[in-house]
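The tour below goes from one selection to the next.

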Amino acid sequence: IPEDCCAVAKLLMTTGSPFPEEPVPSEEESENGLKRQQLKNSEAVEKYEGLIGDLMDCLSNRNLPWKFEHISIGFLSLLLRDDHQLPPAAVTFFVKSLNHDSLYVRKVAISAVAGIVKQIKRPHKKVPVSPTELSKNNETMTPSRIVAGDRPDNQWLQYNSSNLPRTSQEWDHCVFVEKTHWGYYCWPRKMMIYAPEAEQPKQNLSRTEMTERELIIFDHFTDPVFINQFIEFLSLEDRKGKDKFSPRRFCLFKGLFRNFGDAFLPVLQPHMERLVSDSHESKQRCVAEIISGLIRGCKHWSFSKVESLWELLCPLLRTALSNITIETYADWGTCIATACESRDPRKLHRLFEMLMESPVNGEGGSFVDACRLYVLQGGLAQQEWRVPELLHRLLQYLEPKLTQVYKNVRERIGSVLTYIFMIDVNLPYTQPTTSPRISDFTERILLKLKPLTEGDEEIQNHVIEENEVGEQDERTQAIKLLKTVLKWLIASAGRSFTTAVPEQLQLLPLLFKIAPVENDDSYDELKRDAKTCLSLMSQGLLYPDQIPMVLDALKEIAGSSSWHARYTVLTYLQIMVFYNLFTFMSDQKAVKDVRGLVIKLLEDEQLEVREMAATTLSGFLQCNFLSMDATMQAHFEALCKTRLPKKRKRELGSVVDTIPSADLVRRHAGVLGLSACILSSPYDVPTWMPQLLMDLSAHLNDTQPIEMTVKKTLSNFRRTHHDNWQQHKQQFTDDQLLVLTDLLVSPCYYA
């Protein structure tokens with residue numbers, strides 16, 4: 001317990017408020033207590049070291065069965081502590097166990113040695129700094145007016161290619177801030193950064209300057225024979241097809257390079273060069289783990305050492321990316337993402353500039369292009385708001401390539417675009433981002449999609465899956481562009497912080513135009529993606545001020561000449577309302593608008609649209625979003641009473657029905673409305689239902705499709721109310737029950 005804490009406790013006890021139950025200990029009692037504590041601590045240390053000694057004795061017994069050996073090693077690995085270093089004998093045992101024959105022992109040893117190097121890490125000095133002075137900006141941010149996002153006082157943290165530390169002097173004077181979240185919302189109360197290199201622990205210690213534990217690790221990892229065997233074991237396959245990038249191994253290498261600098265690099269370099277040229281999965285994974293540990297472990301290296309490191313790593317990474325396979329691309333993505341996590345992007349400028357070198361250049365085919373983008377995406381995503389310049393450059397590079405014909409590249413570009421626009425959030429007390437903005441991008445995209453948005457011609461997917469030579473017409477290019485945009489919208493639905501509603505609304509009419517009504521796997525990629533995209537967009541969170549915009553857009557599309565679009569409006573409306581139910585219900589005008597739109601589509605000329613409108617209405621009534629009031633009932637009953645002229649005999653050869661379609665549609669709309677009301681209460685019989693059933697039964701002999709609607713409704717009513725019919729029939733009068741029984745009970749053939 002710190003002395004400061006004891007002094008405060010004593011002060012609290014002597015103030016008398018509150019009065020302590022126990023008397024305040026005297027100086028003598030305090031000293032005796034301290035001695036007892038020190039004695040107890042020394043006993044605990046003896047017991048701790050004794051337990052480790054006993055386990056070491058067990059493990060030195062050659063006759064110990066392998067099962068008990070594994071148990072003992074497991075116990076020993078659990079004895080690593082933050083407050084007491086492991087005895088040197090145990091350190092030697094774990095380092096030697098890195099090359100043990102047993103896979104289990106090697107895995108435990110890797111975790112244990114990673115913990116040991118953390119135990120013996122020399123503390124690095126930190127100094128306080130003032131963010132206001134560093135920003136060279138007089139505008140300070142007071143707690144009363146905190147604003148998140150890109151501000152003048154945090155610009156110095158961002159990646160700027162014209163102001164990177166390219167010389168030793170610039171490197172030493174650059175204030176590196178490793179924590180990505182610092183400065184975006186506010187600054188720490190006391191901002192501490194690492195002191196200059198001259199004030200830090202000495203790098204590359206001589207053997208005489210090392211501790212006993214450091215010497216054990218140093219001697220083993222500078223031994224070429226030990227390293228050969230160690231790398232051989234690390235590059236073995238464990239579980240075919242299931243092996244992944246190992247965080248344990250990464251932590252081990254990170255600790256080694258952090259504690260010992262570049263001392264082990266000469267021994268490891270030949271192995272890294274050999275492994276990176278080998279396309280086997282396990283070999284590539286091994287070198288990826290070493291490289292990520294190396295990049296993270298060089299945090300406190302001097303400028304000259306870091307420059308030498310990048311001279312070595314850049315060619316290795318280029319070779320690795322050219323040899324990338326379907327089994328290893330995820331490992332390289334994890335490698336770069338792990339290497340860039342919690343690191344100042346200005347420190348890693350060599351890595352980012354190398355990854356930004358034309359990732360989609362066609363060398364190695366579409367798969368390698370997609371992999372290079374994936375690896376780049378992993379690095380940039382870790383930096384979030386601190387690399388706006390790189391995001392702008394990448395977007396500018398990718399925009400001409402959005403018309404890619406290869407599906408895997410399109411999907412990867414869609415995913416990359418999601419991360420490019422990730423920081424473009426529209427939240428209260430948030431500054432507009434200096435990173436790329438969705439609104440500007442959408443504006444440029446819509447200009448290129450004009451050949452598809454203008455005119456009513458059906459949009460067909462182009463089926464040529466090779467990069468054609470020569471110019472293509474604008475329409476084909478627009479279709480290819482749209483496919484990539486759809487991939488972006490689908491990818492961003494689950495990853496973005498906010499929904500870009502105004503921008504999505506501009507693309508909505510085009511998506512409604514393409515999306516099919518039926519669920520059919522035989523549809524081409526374009527139609528499937530449009531349907532998926534609409535489904536995901538309808539699930540997006542809406543703010544109250546965005547609801548009128550969305551409803552206006554849906555009303556406009558509901559007036560489209562395409563019945564497919566009108567049908568899809570209803571399915572979109574269902575999901576949108578259910579996902580934003582409480583926001584909608586707090587806005588009476590929005591509820592009224594939704595009700596008007598559904599009732600309008602009940603009178604649509606297309607049968608499928610009318611039926612979907614009835615289903616939508618039934619769902620809204622069932623969840624109490626809309627209520628079954630006298631106005632609605634009167635409206636449907638009035639529509640039901642639309643008179644139909646008597647059928648006349650058709651003229652010979654005539655195929656046109658003599659009943660006016662408008663009158664039939666209105667009458668059918670009324671029946672569908674009544675049907676929706678009845679089906680909205682599947683487990684009870686409200687007071688208004690008996691009369692509606694009587695009204696509906698009057699249309700049982702009407703012309704099709706009215707007759708079919710009535711039969712389906714009565715059939716569903718019978719099915720859903722069958723279990724509790726004895727209770728439900730109490731709501732009906734005797735006359736109504738008589739009519740209902742005639743309708744619901746099928747006539748017997750033998751009667």
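**Stop one: Thr430**

Select Thr430: its side chain reaches the backbone oxygen of Pro428 at 3.2 Å, and the backbone oxygen of Leu427 at 3.3 Å. This is a predicted model, in which local features need pLDDT of at least 70 and side-chain atom pairs count only at pLDDT 80 or more, while totals for chains, interfaces and linings use all residues. Residues are numbered from 1 along each chain as its sequence is written, and side-chain values use heavy atoms, with hydrogens and water left out.

Thr430 sits in the loop between helix H18 (407-420) and helix H19 (438-448); helices are DSSP runs of H or I, at least four residues, numbered from the N terminus. Thr430 counts as partly exposed because its relative accessibility is 21% (buried is under 20% relative accessible area, exposed over 50%, partly exposed in between, with a 1.4 Å probe and protein chains only). Show what is in contact with Thr430, leaving aside neighbours within four places in sequence: Val147, Ala148, Tyr184 and Val425 (contact means heavy atoms within 4.5 Å).

**Stop two: helix H27**

Select Asp587 to see the cap at the N-terminal end of H27: a side-chain oxygen lies 3.2 Å from the backbone nitrogen of Lys589.

**Stop three: Phe75**

Finish at Phe75, in helix H3 (residues 66-77). At 48% relative accessibility, Phe75 counts as partly exposed.

How values were computed
A polar contact is a pair of N or O atoms within 3.5 Å; within protein, one must be able to donate a hydrogen and the other to accept it, and residues adjacent in sequence count only if both atoms are side-chain atoms. Helices (H or I, at least four residues) and strands (E, at least two) are DSSP runs, numbered from the N terminus.
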